[in-house]
Amino acid sequence: MREWFVAGALIEDQSRLLLVQNRRHDGRVDWTPPGGVVDPGETVLEGLTREVTEETGLVVAAWSEAVYRIEVEAPDLGWKLGVVVHQALEVQGTLVIDDPDGIVVDAQYVATHDCHGHLASSPQWVRDPLGAWLDGGWDRPQSFRYRITGTDLGSLHVDTLP
């Protein structure tokens, strides 16, 4: 079972949220908040800061506590994913796309009410928690859990777990 841990960033600017467009290895394209895999030896916030800078050129000097967490289990595909999402409190720099991994191909500050449209092609485990946060948020950290069944990427079944 392959396991990895990802950190995501909520970066806002004047009622807009920063989303990055990702071109996946199989050619699919989706929009997500910036972020990525936390490397061994890094803290979550060190990895998140590095990923945001690599993907967007922005430097985040301060982060909130975790806003939400996501757990995804895909036993048929042989992987588990853990995600923690933090909100940027202090951001510096200019938006520049130069992802060394070649995955992020665009980035835009999207009006909050338009984010749902951008997220339509994103995986459910990205779209649903972020959509809930966009629709009003919450006062304390939330957790979301999903289980994916199937092996055909075109017909996976995603269940939301309690």
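Is Ser15 buried or exposed? In this predicted model, Ser15 is exposed, with a relative accessible area of 59%. Its place is in the loop between β1 and β2. Although Ser15 is not a glycine, its phi is positive, at about 60°.

Gln14 is likewise found in the loop between β1 and β2, the latter strand spanning residues 16-23. The phi of Gln14 is positive as well, at about 50°, and this residue is not a glycine. Because the relative accessibility of Gln14 is 70% and the cut-off for an exposed residue is over 50%, Gln14 counts as exposed.

The volume of the largest pocket is about 1300 Å³. The pocket is lined by 39 residues, of which Trp4, Arg24, Leu81, Pro123 and Trp125 are the closest to its centre. Two or more lining residues come from each of the following elements: the strands β1 (2-10), β3 (29-32), β4 (35-37), β5 (59-74) and β6 (79-92), and the helices α1 (44-56) and α3 (124-134).

Sorted by class, the lining of the largest pocket has 20 nonpolar residues, together with ten polar and nine charged ones.

Definitions and conventions. Residues are numbered from 1 along each chain as its sequence is written. This is a predicted model: local features need pLDDT of at least 70, side-chain atom pairs count only at pLDDT 80 or more; totals for chains, interfaces and linings use all residues. Side-chain values use heavy atoms; hydrogens and water are left out. On a 1 Å grid over the protein atoms alone, a cavity is a set of points where a 1.4 Å probe fits but cannot get out, and a pocket is an open set with protein on both sides within 12 Å along at least five of seven lines; lining residues have an atom within 4 Å of a point. Grid points are joined across faces, edges and corners, and a volume is the space filled by probe spheres set on the points. Helices (H or I, at least four residues) and strands (E, at least two) are DSSP runs, numbered from the N terminus. Ala, Val, Leu, Ile, Met, Phe, Trp, Tyr, Cys and Pro count as nonpolar, Asp, Glu, Lys and Arg as charged, and the others, Gly among them, as polar. Buried means under 20% relative accessible area, exposed over 50%, partly exposed in between (1.4 Å probe, protein chains only).
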